Amino acid sequence: MTASSANHSRSRRRPADTSDMTVEDLANQTGVSVRNIRAYQTAGLLPPPRLQGRLGLYGQEHLGKLELIRDLRQQGFGLEAIGDMLANTPDGAWSEYSLVTHLFSKSFFTVEPSQRKAMAEMASHWGATASPAQKERLAKNGLYRPVEGDEVEMLSPSLERIGIQLAELGVSLDTVLDLQDDLIRHTRAIAKTYVEQLFLDLIQMMTKDKAPGADASATIDARQIAQLHAVFERLRPLAIGSISAAFPVVLQQEFDNGIKKRLKAGGKKR
């Protein structure tokens, strides 16, 4: 684990007593506004406080869960997606998941730096200007993060370069967008499988290894963080490389099947 990661984990350790907090205390502790805390409760992401008379009091579970919601929101996740994640997160593990999102967020799995580009230029290699519908498709597929004005951050510049080469081969922009949408949909499904069956399971196993009677919301120690980081470092190239390894074989099989279907269809027409 890097020194910065270790320092970051230490900076996230909490004061000894974070039980029986008011909503204002919770807001000060997490940096989330009172208004947003109320909104998360209304959306069902955060459980209601314990009432003491008319005063609502929050505890460790609220704190850990709110930290996780905050971190996921900062990474661009919507409330519905966060709700799905929370539904599959073990009770009492909010602190661990929040910490892990800091250690492995945004750049851990990426293999190239992002680039900024004006959305209006996206179709320039096809000698045209992107239509509103085409811009909307680009904005929704998850590979282009809005920055300011008409500019976006391209999270996969290599994929755009592939699109440019397809344009040079005469492939239409709409066809390229169709291919890109299908690619993202299928690779996202594969990524979810890796995350749910490997990465999140490893985190859950780590949270179960706490000593009997230990505080369920206590922060994981530096040794566990280092072990998790080392395992993830090994899994990262394996997960990414598995797609590169399987795709040429599947591509050949689908090409052969496609040719057979065309020949069969052509024979029937004669």
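# Salt bridges, ring pairs and cores

Asp178 counts as partly exposed, at 40% relative accessibility. Here, buried means under 20% relative accessible area, exposed means over 50%, and partly exposed is in between (1.4 Å probe, protein chains only).

A quick word on what you're looking at: this is a predicted model, where local features need pLDDT of at least 70, side-chain atom pairs count only at pLDDT 80 or more, and totals for chains, interfaces and linings use all residues. Residues are numbered from 1 along each chain as its sequence is written, and side-chain values use heavy atoms, leaving out hydrogens and water.

The protein has 270 residues, and 33% of them count as buried.

**Salt bridges**

There are 11 salt bridges in the whole structure, each being a side-chain nitrogen of Lys or Arg within 4 Å of a carboxyl oxygen of Asp or Glu. Asp178 is in one of them, with Arg137, at 2.8 Å from N to O. Arg137 sits in helix α7 (residues 132-140) and Asp178 in helix α9, so the bridge ties together parts that are 41 residues apart in sequence. Arg137 also meets Asp181, this time at 2.7 Å. Asp181 lies in helix α9 too, so this pair connects α9 with α7 across 44 residues of sequence. Elsewhere, shared partners join Arg116, Glu148 and Glu151 into one salt-bridge network.

What does Asp20 form a salt bridge with? The partner is Arg50, with the closest N and O atoms 2.5 Å apart. Asp20 is in the loop between α1 (3-11) and α2, while Arg50 is in strand β1 (residues 50-52), 30 residues away.

Here is how accessible some of these partners are:

| Residue | Relative accessible area |
|---|---|
| Asp20 | 46%, partly exposed |
| Arg50 | 42%, partly exposed |
| Arg137 | 25%, partly exposed |
| Asp181 | 24%, partly exposed |

**Ring pairs**

The structure holds two aromatic pairs. Rings of Phe, Tyr and Trp (its six-membered ring) pair if their centres lie within 6.5 Å; planes under 30 degrees apart are stacked, over 60 edge-to-face, and the rest tilted. Phe109 and Phe199 are edge-to-face, with 5.2 Å between centres and 80° between planes. They link a loop between α6 (94-103) and β3 (115-118), which holds Phe109, to helix α9 (residues 173-208), which holds Phe199, 90 residues apart. Phe109 is partly exposed at 34%, whereas Phe199 is buried at 7%. Phe199 also pairs with Phe232: their centres are 4.8 Å apart and their planes at 90°, so this one is edge-to-face as well. Phe232 lies in helix α10, so the pair ties α9 to α10 across 33 residues. Together, ring pairs make a cluster of Phe109, Phe199 and Phe232.

**Nonpolar cores**

A nonpolar core is a set of buried Ala, Val, Leu, Ile, Met, Phe, Trp, Tyr and Cys residues joined through side-chain atoms within 4.5 Å. The largest has 17 residues, and Leu26, Ile37, Tyr40, Leu66 and Ile69 have the most contacts inside it. Two or more residues each come from α2 (23-30), α3 (34-42), α4 (60-74) and α5 (79-87), with α4 giving the most, five. A second, separate core of 13 residues includes Leu143, Val152, Met154 and Ile184.

Conventions:
Helices (H or I, at least four residues) and strands (E, at least two) are DSSP runs, numbered from the N terminus.
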